[in-house]
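Opening the notebook on this one.

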Amino acid sequence: MSNAAPGWYTDPEDSRYHRWWDGRRWTEHTNRPVDTAPALAHRSDADVETPRPKRRRALLFSLIGAAAAVALVVGGIAVVNGINSGAGPGATVEAGGYAWAPTTYLDVDEKFEIPMDVDPYALSASLGDERSGTHGVVDVYIDKDFTTSPLFPGVTWTESDPRILVSARDSKSYKWSNDVADLTAGLLGDYVVSDAGENEFTNWTEMDAHYIVQRYDREGKKLDVPIVHTVSSSQRQQPDGLGPIELRAGPGDMPGTVGLSWSEPAGMPEGSTYVILKTVPDFTSIAGEPGSENVRLDVIAETTETSWQPAPSEENESNYILNRELQLFQSDSVDDANFSGEAFSYVGAPLSKLSVIAVSPDKTTRTPIVITDLDSTIGSYPLHRALNQARDLFPPDSGDLSAAPTWYPITTLNGNTMKMPIRIDAGAVAVKYEDKWNIDGTGEHYASFPYSVLGTTLTGTITSVMPDGMSEADWHTQAVAFAEAFNQRATQEAPRLGDRVIVADDSMSLATYRKMDPVSEVPESPYEVYGSNEFTTYIAEHMLAGSESIDISAYLDNSAYPAVSDAAIEALLQNPMVKMSVDTYLADGDALYVAYLQDDADRDAVRAEVDALADDVVAEVVDEGMTDTEKVTAVNQWIVDNIEYDYAALQALEAGLSIATPGADMRVSDARGGLIDGSVICGGYTDTFNLLIRKAGLDSVYVSGRVEAGLHAWNHVKVDGEWKAVDTTWNDGGDPTEYLMINESEFTGTATRETRDGWAPAQFQHLYATP
């Protein structure tokens, strides 16, 4: 009896087709057209050759009733047919409004075919865009969010043969980015990553996967659920096949800077170079759908190390640039658009994404690309001062500083403007004289107030003219007092922010964790877990149990599941009992390694204490028979009455950047701070509300995003079947009902906000949207 794993193998009856092997015998399931597929009921296992074993991962699927779409290869073309796959690894998974077919693996000279009985060009033209080819019928993406398409999607068809053929030609070189601080890099020409000759071309190996979205069936009817065909190189199936490198982002060495890191990939030769790439949109091309873009990949850095960070640069005397190469927005920032009085054409364009690849010294081998959306992690990091908005903030004579703002507008890496807090160095206040201060050429004595933008290396100066008749010494004394009063007011006016940003920690000892056997069996736990998908809840259950090495292989081979980092972060943020105990994590191939803040005994004890306190609160404020609205109101009021905002903790979190340093116990951002300490930042308010309202019987999620002053967190709670927003942080200290059970659109003025990725994978966030 063969020991081959269950899977689709060459049909022993006809090598043009595939047949399902269930691990013991051939089944009746085949991808032949229904009228040509012979039955195997009369055949014994001995009558046909059993397949050779191949390397597969066991997958867990959520089945849908429709027939699965499966590809077979005929004459160098992979053809998609609808078949009844039954249960098991050949099934299609429905997630995020799409039906995800099993991954198709193609050789470098093969194409992917979608049969059509109608002209796809005419069908696309009927949708309103005659330049689009098959746009809207079949679209090609290089990310699972369907926001990024290759610069030249290889979609072809002919009038006489309406079938759609898709190829994905691999790039041999990349241009240097215009954002590189060292402009001489571009003078060296394109960065070559392949030794292929001028007329040698391959397909499918550059990207880890292409996502081909089919929105219409072969008869030209729109599908209720679009089908996603994930296509990858057949090289990935080889035991020594190279996988993509996971790119991680966190704080750099200098305040306000970003550091990128990754793990050394297995299988690459010694002396390989790492190349960091950034997607750049081509605004003349047509992408798949609104909000998507066709992109090229530009080089922003090369290194032989497994980490890199940009060096601050001074563009001109008044504008110091941080994180230049990591600018995610295109052309014009919000500050530029507001100054012009009209929106620039590129404002609002999708943001750049990043990737890192390893290239062998002889350019014969490279790792595949996975582009990573880092906006939720680094998008709020500073780029430079928002000079247009700042022009009139600090006049030459700012008087006693009582009217001066305690913040400075900063353009962030995603192009937004964020009001970051400033503090004056009272010890550096000085009285100076400028001989041509006034427009008539006369001079003035003035006080110079040097300030710094908290959490960054950005600095500036506020000035105030010395009153007539005052000595320099007296003016200096008074100016110092003005500075101290300014700093005190700045602390009092600090907005209530402080969402914790959790990042993977590349300093974890891979050697230590790799000695552990990854655990796949889900341990029992007395606590419920929450998540938008099965992968997230699987990780959360293991984190509750204290698993240090988690076997994630079952969730890696189907693109319907979110990326490992997205699932891990959601598991942390949506589960209060997990968030209070996990320090950091690191993905490594088929395993996810987790580091904890406490040992097993302490972890169990603190969870039990928090759980008991939460039960006491709910018993105190929630009565049987209460409506959903009454429950939410009661829990919100208890939080307002019993929890205080911790301003000192906010200031310690790098002025709103809120990156959690591995090893630092962030109890101010979880339910321990809310229920044990009674002192938290916004993440602690949000986490505490999640725990309490769920115990009261309602569904609730942790939501994170941005307000004008920085990162923030709040909740969405399901009230009478409809999701509503609650911001207990901002309800505390003002009207306790101002931000209670409202729609997102009702956050206005300084409360206006936008959600960001991280709290839930992008493809599932719509499940929790308010009206």
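Predicted model: local features only at pLDDT ≥ 70, side-chain atom pairs only at ≥ 80, totals over all residues.

How many helices and strands are there in the chain? I get 15 helices and 41 strands.

**Entry: the whole chain**

I looked up burial next. Of the 771 residues in the chain, 55% are buried. Then I checked the contacts between residues at least 6 apart in sequence: 66% of them join residues at least 24 apart.

**Entry: α7 and α8**

At what angle do α7 and α8 pack? I took α7 as residues 534–545 and α8 as residues 564–573, and the angle comes out at about 55°, with the axes 8 Å apart.

Sorted by class, the contact has 9 nonpolar residues, 1 polar and 1 charged.

Strand β39 is mostly covered, with 4 of its 5 residues buried.

Next I went through its partners. β38 (residues 710–719) runs antiparallel to β39, and 5 bridges join the two. One pair I wrote down: H716 has A725 in β39 as its bridge partner. β38 and β39 also form a hairpin, with 2 residues between them. In that turn I checked D720, which has a positive phi of about 50°.

β39 also pairs with β40 (residues 740–742), again in the antiparallel sense, over 2 bridges. There I found V726 opposite L740 of β40.

**Entry: the sheet with β18, β19 and β22**

What is the strand order in this open sheet? I read it as β18-β19-β22, 3 strands with antiparallel pairing. Why is one side of β18 and of β22 left without a neighbour in the sheet? β18 (248–251) and β22 (307–308) stand at the edges with a single partner strand each, so one side of each has no neighbour there.

I then looked at how β19 (residues 258–261) meets β22: the two pair in the antiparallel sense over 2 bridges. The pair I noted is S261, which stands opposite S307 in β22.

How values were computed: Residues numbered from 1 in each chain as written. Heavy atoms only, no water. Axes fitted to C-alpha atoms, helices over the stretch in contact; angles between N-to-C directions. Nonpolar A, V, L, I, M, F, W, Y, C, P; charged D, E, K, R; others polar. Pairing = 2+ DSSP bridges. Buried < 20%, exposed > 50% of the residue type's maximum accessible area, 1.4 Å probe, protein only. Contact = heavy atoms within 4.5 Å.
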